[in-house]
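Okay, thanks everyone, let me put this one up on the screen.

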Amino acid sequence: MNEQRFDELWGRAEAEGYASRLASEYPQWRAKRRRTIGTLTGLALAVAVATPVLMPHNAADDTSVKVYCNRTGTADQQWVDLADELLLG
């Protein structure tokens, strides 16, 4: 047996040891990974649901302006002028 053949056999034996160890530990690793992903998904969902519920909303803080018109025949320029006043004024 030459040195190259010995190194090849040694590497194969070493690799088989690592492979068997990894194969034996894989089920525990996979279960832990699934638990972690499930926990993170649950937390993200809880934050996504709780954020809008817990955020205070006061109607007094609402700065939007609403304009209603029930007349027909209002000129387009009047709406342009009104929008200009609301946005820039």
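Let's start with Glu8, which is partly exposed at a relative accessible area of 40%; for the record, buried means under 20% relative accessible area, exposed over 50%, and partly exposed in between, with a 1.4 Å probe and protein chains only. Before I go on, this is a predicted model, where local features need pLDDT of at least 70 and side-chain atom pairs count only at pLDDT 80 or more, while totals for chains, interfaces and linings use all residues. Numbering runs from 1 along each chain as its sequence is written, and side-chain values use heavy atoms, with hydrogens and water left out.

So, what does Glu8 form with Arg5? A salt bridge, with the closest N and O atoms 3.0 Å apart; the rule there is a side-chain nitrogen of Lys or Arg within 4 Å of a carboxyl oxygen of Asp or Glu. Arg5 is partly exposed too, at 37%. Both residues sit in helix H1, residues 3–54, three residues apart, about one turn of the helix. Helices here are DSSP runs of H or I, at least four residues, and strands are E runs of at least two, numbered from the N terminus.

Glu8 also has a salt bridge to Arg12, at 3.5 Å from N to O. That pair is four residues apart in H1, again about one turn, and Arg12 comes out partly exposed at 44%. Why does that spacing work? An α-helix has 3.6 residues a turn, so residues three or four places apart point the same way.

Further along, Arg21 and Glu25 meet in a salt bridge at 3.6 Å, N to O. They're four residues apart in helix H1, so about one helical turn separates them. Arg21 is partly exposed at 44%, and Glu25 is partly exposed at 41%. Back at the other group, shared partners join Arg5, Glu8 and Arg12 into one salt-bridge network. In total, the count is three salt bridges.

Now H1 itself. Its 52 residues reach 71 Å from first C-alpha to last, close to the expected 76 Å at 1.5 Å a residue, where the expected span is 1.5 Å times one less than the number of residues. Where does the helix kink? At Tyr26, by about 40°, shortly before the proline Pro27; that bend is the angle between axes fitted to the seven residues ending there and the seven starting there.

On to Val65, in the loop between H1 and helix H2 (76–88). At 57% relative accessibility, Val65 is exposed.

Of its 89 residues, 0% count as buried.
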